[in-house]
Amino acid sequence: MTKQIELRRHTDNDGDVLTPAGVAAAIEVGARLAGGYRLIASSGAQRATQTAGCMLAGLGEQVPGGVVIVAGLRSSREEEWRAAYRKAGQGDLDSLRQADRELVDEDSAALAEGLRWLMSQLEDGEHALAVGHSPTNEAAVFGLSGIVIPPMGKGQGVIVVKSDDGYSVEAVE
């Protein structure tokens with residue numbers, strides 16, 4: 001059994017709206033996606049949903065499950081993440097854990113539930129595209145798999161694979 005989620009960060013934004021460069025970048029990323037997604041998910045933030053829509057436009061395919069909002073992919077503790085970042089001085093998960101281990105560990109577990117739910121919507125062999133944020137995407141991967149991944153740049157991502165052996169993470173082009 002294998003299921004996959006391609007987890008990406010939203011592209012360039014101004015507040016909660018993509019910039020024109022962010023729109024162009026998301027369409028460009030979409031044109032390079034593998035395709036064949038069962039569904040596309042967003043954290044619910046406008047910038048993530050807009051990125052997902054632009055990626056879908058660039059992909060040029062129909063997605064049977066459409067674009068869905070998975071609120072579990074968005075932290076309810078965004079101000080605490082910002083404070084941890086200010087304290088850490090950088091955005092990698094190890095540094096953020098040193099700044100506020102409780103936040104990272106608790107929110108990683110909560111955000112992992114969003115990925116688990118999304119995986120539960122897929123049948124064997126299916127895959128989804130999800131668009132969220134950094135560092136909470138990285139926290140979700142950590143909470144799900146125990147794997148620490150580097151910070152995602154805008155539009156970048158990883159593939160989270162669920163198999164009979166558990167979870168693994170693969171780089172994405």
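The following legends describe close-up views of a predicted model.

Residues are numbered from 1 along each chain as its sequence is written. In this predicted model local features need pLDDT of at least 70 and side-chain atom pairs count only at pLDDT 80 or more, whereas totals for chains, interfaces and linings use all residues; side-chain values use heavy atoms, with hydrogens and water left out.

View 1. Helix α2 covers residues 46-59, and its 14 residues reach 20 Å from the first C-alpha to the last. That is close to the 20 Å expected at 1.5 Å a residue, the expected span being 1.5 Å times one less than the number of residues. Helices (H or I, at least four residues) and strands (E, at least two) are DSSP runs, numbered from the N terminus. The buried residues of α2 are Arg 47, Ala 48, Thr 51, Ala 52, Cys 54, Met 55 and Leu 59. Buried means under 20% relative accessible area, exposed over 50%, and partly exposed in between (1.4 Å probe, protein chains only). These buried residues pack against β1 (2-9), β2 (13-14), β3 (17-18), α1 (20-32), β4 (39-42) and β6 (127-132), where contact means heavy atoms within 4.5 Å. Gly 60 follows α2 and has a positive phi, near 70°.

**View 2. The salt bridge between Arg 47 and Asp 16.** Arg 47 forms a salt bridge with Asp 16, and the closest N and O atoms are 2.5 Å apart. The pair links distant parts of the chain, with Arg 47 in helix α2 and Asp 16 in the loop between β2 and β3, 31 residues apart. A salt bridge is a side-chain nitrogen of Lys or Arg within 4 Å of a carboxyl oxygen of Asp or Glu. Arg 47 counts as buried at 13% relative accessibility, while Asp 16 is partly exposed at 28%. A search of the whole structure finds 13 salt bridges.

View 3. Arg 74, Glu 78, Glu 79 and Arg 82 are linked in a network of salt bridges. Arg 82 and Glu 78 are separated by about one helical turn because they lie four residues apart in helix α3 (residues 78-88). An α-helix has 3.6 residues a turn, so residues three or four places apart point the same way. Both residues count as partly exposed, Arg 82 at 38% relative accessibility and Glu 78 at 23%. Another salt bridge joins the side chains of Glu 80 and Arg 77 (3.0 Å, N to O). Glu 80 is partly exposed, with a relative accessible area of 34%, whereas Arg 77 is buried at 18%.

**View 4. Strand β6 and its partners β1 and β4.** Five of the six residues of β6 are buried, so the strand is largely enclosed by the rest of the structure. β1 and β6 run parallel and are joined by six bridges; four bridges join β4 to β6, also parallel. Two strands pair if DSSP finds at least two bridges between them. Ala 130 in β6 is the bridge partner of Leu 7 and also of Ala 41.

**View 5. Glu 173 and Cys 54.** Glu 173 is found in the segment after β8 (166-171) and counts as exposed at 84% relative accessibility. Cys 54 is among the buried residues of α2. Glu 173 and Cys 54 are 119 residues apart in sequence and 18 Å apart in space, C-alpha to C-alpha.
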